[in-house]
Amino acid sequence: MTVFSQAAFLRAAARAADFPPPGPPEIAFAGRSNVGKSSAINAITGRKALARTSKTPGRTQTINFFTLGEEARLVDLPGYGYARVPQSMRDAWRALVADYLQSASVACVVIVMDARHPLTPLDEQLLGWLGDVPRLLLFSKADKLSRSEQARLLATVKSRGNATLLFSSVTKQGVEEARDLLEQWLQAGRGNKKPPVKGM
């Protein structure tokens with residue numbers, strides 16, 4: 001049994017004052033709207049509906065916190081980059097996420113990207129905001145690519161020095177590898193301070 005099998009909803013936060021008190025290390029999941037972030041969370045935790053999935057982009061409007069037993073948390077950040085969301089709401093989400101990323105509890109950030117459309121300008125912007133925070137680039141929907149296309153994608157992104165994984169919530173490609181790596185980061189994050197996050 002992994003720490004992820006203990007996942008349970010803790011609270012939703014629409015403002016920084018609603019964040020749970022600082023405590024155990026947290027794994028945050030970020031990504032553009034509709035890239036498969038909720039499906040990735042559900043696959044990694046082995047739960048069908050821990051994070052709500054939707055075909056409607058921009059549905060997640062709060063930061064959702066989940067406990068992973070007493071020693072860790074999982075955090076689902078609002079999707080970014082959906083043009084039909086009003087600018088005022090996008091600005092509010094951005095400020096909320098910026099507040100969260102300054103939290104001392106963040107052990108690592110998983111950036112979920114559609115393997116067919118990797119490293120968009122908004123993804124690159126988020127990578128810049130994260131500074132030295134450990135990050136995993138999780139390329140979802142990898143089952144939509146051929147083996148040669150997967151190999152080309154990995155060759156392109158691995159040269160940048162980030163941890164990378166091809167992932168599919170359908171075929172379960174990369175699920176075990178993601179769990180193993182994230183558990184290692186959680187162990188490293190216990191008792192250690194997170195490097196400072198650059199301002200957004």
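A salt bridge is a side-chain nitrogen of Lys or Arg within 4 Å of a carboxyl oxygen of Asp or Glu. With that in hand, take Lys37 and Asp76: their side chains meet in a salt bridge, at 2.5 Å from N to O. Keep in mind that you're looking at a predicted model. Its mean pLDDT is 83, and 86% of the residues reach 70 or more. Here's a tour, topic by topic.

**Salt bridges**

- The structure holds 6 salt bridges, and side chains of opposite charge can pair like this when their charged atoms come close.
- Are Lys37 and Asp76 buried or exposed? Both of them are buried.
- Asp114, Arg116 and Lys141 are linked in a network of salt bridges.

**Aromatic pairs**

- A search of the whole structure turns up 4 aromatic pairs.
- One of them joins Phe9 and Phe66: the ring centres are 5.7 Å apart and the planes make 75 degrees, an edge-to-face pair.
- That pair links distant parts of the chain, with Phe9 in strand β1 (residues 7–13) and Phe66 in strand β3 (residues 63–68), 57 residues apart.
- Phe66 has 2% relative accessibility, so this residue counts as buried.
- Why is the pair of Phe65 and Tyr100 called edge-to-face? The planes stand at 70 degrees, with the centres 5.9 Å apart, and angles over 60 degrees count as edge-to-face.
- Phe65 is in strand β3 and Tyr100 in helix α2 (residues 87–101), so here too distant parts of the chain are linked, 35 residues apart.
- Phe65 is buried at 1% relative accessibility, and Tyr100 is buried with a relative accessible area of 1%.
- Ring pairs bring Phe19 in as well, making a cluster of Phe19, Phe65 and Tyr100.

**The sheet and its helices**

- Seven strands, in the order β1-β3-β4-β2-β5-β6-β7, form an open sheet with mixed pairing.
- β1 and β7 (163–166) stand at the edges with a single partner strand each, so one side of each has no neighbour in the sheet.
- On average, neighbouring strands are turned by 20 degrees against each other, ignoring direction.
- β1 and β3 pair in the antiparallel sense over 6 bridges, and Ala7 stands opposite Leu68 in β3.
- Helix α4 (residues 147–158) lies across β6 (135–140) and β7, running at about 170 degrees to β7.
- Helix α5 (residues 175–189) packs on the sheet too, touching β2, β3, β5, β6 and β7, and its direction makes about 165 degrees with that of β6.

Terms used: Residues are numbered from 1 along each chain as its sequence is written. This is a predicted model: local features need pLDDT of at least 70, side-chain atom pairs count only at pLDDT 80 or more; totals for chains, interfaces and linings use all residues. Side-chain values use heavy atoms; hydrogens and water are left out. Rings of Phe, Tyr and Trp (its six-membered ring) pair if their centres lie within 6.5 Å; planes under 30 degrees apart count as stacked, over 60 as edge-to-face and the rest as tilted. Helices (H or I, at least four residues) and strands (E, at least two) are DSSP runs, numbered from the N terminus. Buried means under 20% relative accessible area, exposed over 50%, partly exposed in between (1.4 Å probe, protein chains only). Two strands pair if DSSP finds at least two bridges between them. Axes are lines fitted to C-alpha atoms, for helices over the stretch in contact, and angles run from 0 to 180 degrees between N-to-C directions. Contact means heavy atoms within 4.5 Å. pLDDT is the predictor's confidence in each residue, from 0 to 100.
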